[in-house]
Structure formats: structure tokens, C-alpha cells
Amino acid sequence: MSDYIRRLPVYLLLDCSGSMSGEPIEAVKQGIKTLLSELRGDPQALETAFLSIITFDSSARQLMPLTELMLFKEPPLQAGGATALGGALKILADCVRNEVRTSTATQKGDWKPLVFLMTDGAPTDNIDEGVDAINNVSVGNIIACAAGANANVNCLKKITNNVLMMNNLTAGDMAQFFAWVSGSIKASSRSIDAAPGAPVQLPPPPQGFVIVP
Amino acid sequence: MQIPQAAAKAQRKRSFHGEASTNIGLCPIFVRCRICHQNMSEILTAVLESGDTIEYVYDLNAPRGGMKHTFFTPDKRFAVQFFNDPKDALNPRLQDRIRTITTIYNPTLSEANGGALGNTEKTAEYFRQRFCWPVAIVRSPEFGIVCPTYPQNFFFDGEASSVLNLKGKDKKSNWFTGKNRKYLNPAERGDFRTMLGVAIGLSRTIRRMHQAGLAHSDLSCNNVLIDPKSGSAVVIDIDSLVVPNKYAPEVVGTRGYIAPEVLATLDLNISDPNRALPNVLTDLHALPVLIYEYLFCRHPLLGPKIYSANSAEEDDHLALGAKATFIENPHDTSNRPPDLDVTISALSEELERLFLRAFVDGLHNPSERPTAMEWERELLAAWDKLIPCANPRCEKKWFILRDPKSPVCPFCGTKITNNVIQLVFKSELRGKKGIYRDKSELTVFDGLPLYDWHVFSNIYNDEKADSAMRGYVSYYNGRWILVNSGIDGMISPSGMPVPKGRAIELKDGAVFLMTNRENGLLCEVMIS
């Protein structure tokens, strides 16, 4: 029996610049581990969610292509260098264009991708080109998380209306962020839209996280 | 309400050390350690409307559903749940609805103890195993509910999967019916017979709810946990029930289980008369979707048909809503998967008809949908037609014998070469002595148990019936025999008493009384 299950593509855009070195990057690695184990324990997420990781430091790259959860291997992460957020957005746009199946008269398309972006600094490259690039592809929700005091919130506001502020870069806050990401993916994988194309309702952000108006 | 950190900490400490509950008015979702940012798991106390208190373990990352978040008592026997949205907790109409659910509509509580009308302790105990019904209301720290936790067999153990760590996770239906099934160890997946048992259990619990006028309103793979190993199901998330004449819950349902009319009218205003809201008839869409998934491990509406090329969201909205098409619709094959192997024609004729009514006639015409009672009745009748597959490697192990003249397993194609023996039970028409009509049929296999409903015409296989075995069929020394292990007054075909411990040989055409007591059934043997 063939299955007619649509995929829910999930892209994680993770800041691996120098300021993330030490505890923060370790917390991110731990967060990805927990995220995977949480999602693999949820039947709907396991059936539908596909995960990709894009990292950025002085440049940006897709570290893991869109992969089903059971085959996903945690990539090695290292922190160092600048914050090429603009470049990461351009890569995201390319990946969405290449990896996400569109709906056609003969093909069941994927759900609109969910994007979680986490950065602790300000972009060191041209972010406007990146913003233009993602405006040209179809993405469901982009949630940007400004981690710690040095994150540039105004810049993230150019990318999406959904900006969260995480007070600091402790392991505890990072763990909560990833727990929330996993909750959001689970919710999206089972939710139905009020109307086609309406944004997916995500669970309320973790306590201590502030939604930037 | 934000409480000062120092006070919160002090309150927690006091509760943690087991002193009198001092945390009244303390909203648990604001309790959090800002110093270590670690997961808090300390013990808080809730006060119930009865005045009793219950302790629960506070967890910062408590499981959070669409409506509520859940904490557990230290012994894990009960879940203490609070609403995510404080507006819900303060809504007096919601409180009123939940209060009636825990009392006069509660089938897990006997009438004598304040539960549902006519409910005995026996039926209450029966449904306690099949519903996680709210048992108490929390008054403080805020409005909430207390539910029993699910029985242990609805949690995976460490042996459930060799590729996933599922220990302690709850057995949501879709672990067993979708592509995730392949990650489970074969013993965990059950077989066709146990899945039919799951379907019977579910249809019975829904029948019980509907009998009281209650609608679940969000029946789905998430709210029905199943244990295919034992063939049982438990219905959870009871608090969003639609109660007659009470303020309706604001749930829409879960993708894949929402009735097409609800999805198709979702954009209309809630007060618009054309807007379809969850009710008993929408449950009667979700119920056969679940039953179909249990029996065939696929969804009845998700097929290859493309409804819209614009977007996945629009396509899905039509596929499950306004344009929904049954993948096995005999008149419209546009959504039929090319590799559909086993279909509803492999079930009993009655079940096939029910599925056609649910997914063809009734898909867009809710009043045509079969009731939960019809599902329960025909699933039970199909259960009595089960026969083991002769192929020891058959994954489904059992099938419903539809045509005794051509006993072929629809799952693996193996033909049964032995004779097929059927017992036809007949009940005497009231006021017409000696005139009998068929009550039920039973297909025989070695080890088949018989119960009171195979002995008496006025007893049905339901929550009121005794579950003790009264007899069994055995293949012994080359002969098929029916052994009486607990029936008074059994009479052989030649009119001789058959005491307990003795047997009747099953020969073609033999007719005998299961019992000569009042309401006793007559049994006729048919061999094909």
C-alpha cells in the first residue's frame, strides 16, 4: 500500500558564530538530540516531519539535507567566526526550492515548511538579499529566536513577525527553546488549518521568553 | 498573576516538605526557578471542590495539549490538569459542563455514588477500564480536573520497539495503523482478531456515551489509546464532551477525523446556522475512520486523488472536507489507490454495508451514518465469524469467514482445506412455542470459547454480560466436540442431559438445546 502522507519540512537555522562557543553550542547540540528523541516518540511527527539543519558562521551551509527523522544523524557542530545570517537565508531559499515538493495537478505537495532561526548576534553580511530570497519561496511559519542580549531584534523583524527573545544563553533556556520547537512541530504535524493557507497555530512560547511585538 | 520569586520559592519548599498546603491561589504555571533554570519537579497541593486535597508533581515542561497541561500525582495514579487559557478556567459555563460530566453523566461511577442514572457498580467498573473519565474538579490553585491515569497496558514497555525508545509513551492509535507500525516489534502489533477486538471495545464505549446523549467531539488517534496485544481501547480527553443543553466546547477536532461538514464550514461564523459543529453525528464519522484504520491500517479518505494543484493546504482541506471521497467508493474510483489489496469486501457483508453507509451515503449526509450501536452489533457478529488462517506465517493470523464455501484468507490467500463448521443459535419466538428464529452464528475453530450469550436468548455480549466461559469447542481424536464446562440443563441431540464436563459431537445437521432453562437457545450445526 502506497502512502499518501504529506511531508512537513522543518528547517533549523542555527547560529554557530564565535560567540556561541562553549556552553551555548553544547546546549544547542543537546537540544537537537532532545528534539530528535521527542519527535521520534510522537507518531504524527514521526510520520510527517522531515528535518534539515542549516548553520551559519562566517559563511552558511546546509549541514543536513531534509531527512526523515528515523534516518536523521545529528551533525557535528562547531562555533567560530562571524554571523552570515543573510547567506543562511539565501541557502534556505535554495533548499526550499529544491527539496520541498510543490503541489501540481499530478503530485501531492508537501506542507509549507516550518523554519526556526536562532541567533545570538547581529548579521555580519547583507541580510536584505537573504530576506528577498525567502520572500520568493513559499514558507509557512518562520520563527526567529533572539538569544541573549546581543541579538539584533530589529534585524530579525525584517525576516519575520514572529520574533521571540530568550533572556540568555544558558543550557536551561536553550533546552526550553528546543522543547518548544518540538512542541510546535508536533502541533503542526497534527493541526488543521482554519482555512487553507492560514498560519499554523503554535503553542505559547516557553516562560521567560518574550514575544517581540 | 506574577508572584514574587522569594515567596514562590518559600511556598514550594513548604509543600515539598509535606506541610499543610500553603499554595492556595498560587498559579503553578508561574512557578519556575530563575536561578538554575532547571526543570522543577516539586510537589504542590491542589484543593478539590469536595474540600479534599490532592498532591501533584510540578513539572516545568509538563505535557501540553491543545487545551490543557497535565501534572501527575506522586504515585502516578491520577493526572491533574489545568487549562492553558486562563479564560477557559474562569468560564462558569465550561465549569458547569465539566461538573455534570464528572457526576450525573459519569458512566465510571455507579448511580449510588452519584454517577450516571442506572449505572451499577459492575458496569461502572467495566467502563473505568475503557474511559479516562474526569473524577474530580480542582478548585485551587485554579479550576482544573483530576482524571485517572491510563491502565498500564496503554503505555509501551521497553520491548515495544528495537529501533525507537518508546518506553513509557502512550499507545496512540496511529503507532499501529500507519507507516510507524514497521518500527514496532511484531508482538506489539497484534493481529486482525485483536484489532477487531479494539474496534469492538471502542464502538461500545462510544455507544455508551451516545446512549446518554453525550458526544465526544474530538475522537481521534490521539484520544483513543489502543493495546493491540490485548485487543483493548481506552477513550481519553473526556472533558471536551458535548453535553445536552450545556455550553458547547470550542473544539474542532483533529485532522483526519473531523467530519467533512465541520471542515467544509469551518470559515463560517460560529453563530451561522450553516456552520456544522461537533456532535453525535460527527462522532459517527470519526468512529468508522478509526475502525477502518484498525482493520486495514490505512485511512479511508487519503488516497491518490489531487483535489487542488494550488497548495497542499487547499488540497487537504478539500480531500477531508467538501470533496472527500472514500478510497473504496464503488461509484467513484478517482481516489482509489492502484494497489488496494484487501478491501471491505473481505469483511462480513453487514460490515461492508456499514462502511458504505458511513463513507459513501453518509460521508456528506450525516444522518445516513450508522450509529455506534450498529457498529458494535455488526463488529460482534463479525467476531463470531473469525477463523484462524491456516498459514502459520500469515501476519494477520485471523480473518472473517464471509463465504463458508470458499474459505480463503484475504490477507495471504491461503485456502482452508478443513471443513468449516458453523453453529446457528436460534431463539424461541415469544408466545409461539416450538417456533424458532436465528439469533446469531458462530464459526467454529479448535479452542473456541462459548459464553452466556451463546446459551441464552436474552443475554447479549455487552457490559452487563458475565465474561465467564461456559463451554468450548475442541478437535479431539479426529472429532469436533462442544464441551459443557458451565451450563446447567444442556440437552444432547437425542434428548439426553449433557452434564458439565461432558460433550456433544458436532455433526452436520445436529440440533440441540444449549439449555432447557428459560430463554435457552437452540443450536444447529452446519458443516460445509
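User: A residue is buried if 20 or more other C-beta atoms lie within 10 Å of its own, exposed if 12 or fewer do, and partly exposed in between. Which of these classes does B:Lys397 count in?

Analyst: The model is predicted. B:Lys397 sits in the loop between strand E9 (386-388) and strand E10 (398-400) of chain B. Inside 10 Å it has 19 C-beta neighbours, so B:Lys397 counts as partly exposed.

User: What is the phi of B:Lys397?

Analyst: Most residues other than glycine have a negative phi. B:Lys397 is a residue other than glycine, yet its phi is positive. The value is near 65 degrees.

User: Where in chain B is B:Asn519 found?

Analyst: B:Asn519 is not a glycine, and its phi is positive, at about 65 degrees. It has 13 C-beta neighbours inside 10 Å and therefore counts as partly exposed. Its place is the loop between strand E17 (511-513) and strand E18 (522-527) of chain B.

User: Which residues of chain B does a cis peptide bond join?

Analyst: Most peptide bonds are trans. In chain B, a bond with omega of about 10 degrees is cis. B:Pro141, one of its two partners, is found in the loop between E5 and E6. The bond joins B:Ser140 and B:Pro141.

User: What radius of gyration does chain B have?

Analyst: The C-alpha atoms of chain B fill a box of roughly 85 × 60 × 50 Å along the principal axes. For 528 residues, a compact globule would have a radius of gyration near 24 Å, and the value for chain B agrees with this. That value is 26 Å.

User: What percentage of the residues of chain B count as buried?

Analyst: Chain B comes to 12 helices and 18 strands. Among its contacts with a separation of 6 or more, 54% are between residues 24 or more positions apart. Of the 528 residues, the buried share is 43%.

User: Which residues is B:Ala199 in contact with, leaving aside neighbours within four places in sequence?

Analyst: With the neighbours within four places set aside, its contacts are B:Ile291, B:Tyr294, B:Leu295 and B:Leu379.

User: How far apart are the centres of domain 2 and domain 3 of chain B?

Analyst: Chain B is divided into domain 1 (5-149), domain 2 (168-384) and domain 3 (418-527). Four residues from domain 2 and seven residues from domain 3 make the contact between these two. On the domain 2 side, the residues divide into two nonpolar, no polar and two charged. Taken over C-alpha atoms, the centres are separated by 35 Å.

User: Which helix supplies the largest share of the side of chain B that touches chain A?

Analyst: The contact is between 38 residues of chain B and 36 residues of chain A. The chain B side divides into 12 nonpolar, 14 polar and 12 charged residues. Helix H5 (174-177) and helix H10 (312-320) of chain B each supply at least two residues. The largest share, five residues, comes from H10(B).

User: Is A:Leu69 buried or exposed?

Analyst: A:Leu69 lies in the loop between strand E3 (60-68) and helix H3 (85-99) of chain A. Not counting residues up to four places away in sequence, it touches A:Leu36, A:Leu39, A:Arg40, A:Leu46, A:Ala49 and A:Leu51. With 21 C-beta neighbours inside 10 Å, A:Leu69 counts as buried.

Technical notes:
Residues numbered from 1 in each chain as written. Chains lettered and ligands numbered in written order. Predicted model: local features only at pLDDT ≥ 70, side-chain atom pairs only at ≥ 80, totals over all residues. Domains from an automatic or database assignment. Nonpolar A, V, L, I, M, F, W, Y, C, P; charged D, E, K, R; others polar. Helix = DSSP H or I, 4+ residues; strand = E, 2+ residues; numbered from the N terminus. Rg over C-alpha atoms; globule rule 2.2 N^0.38 Å.
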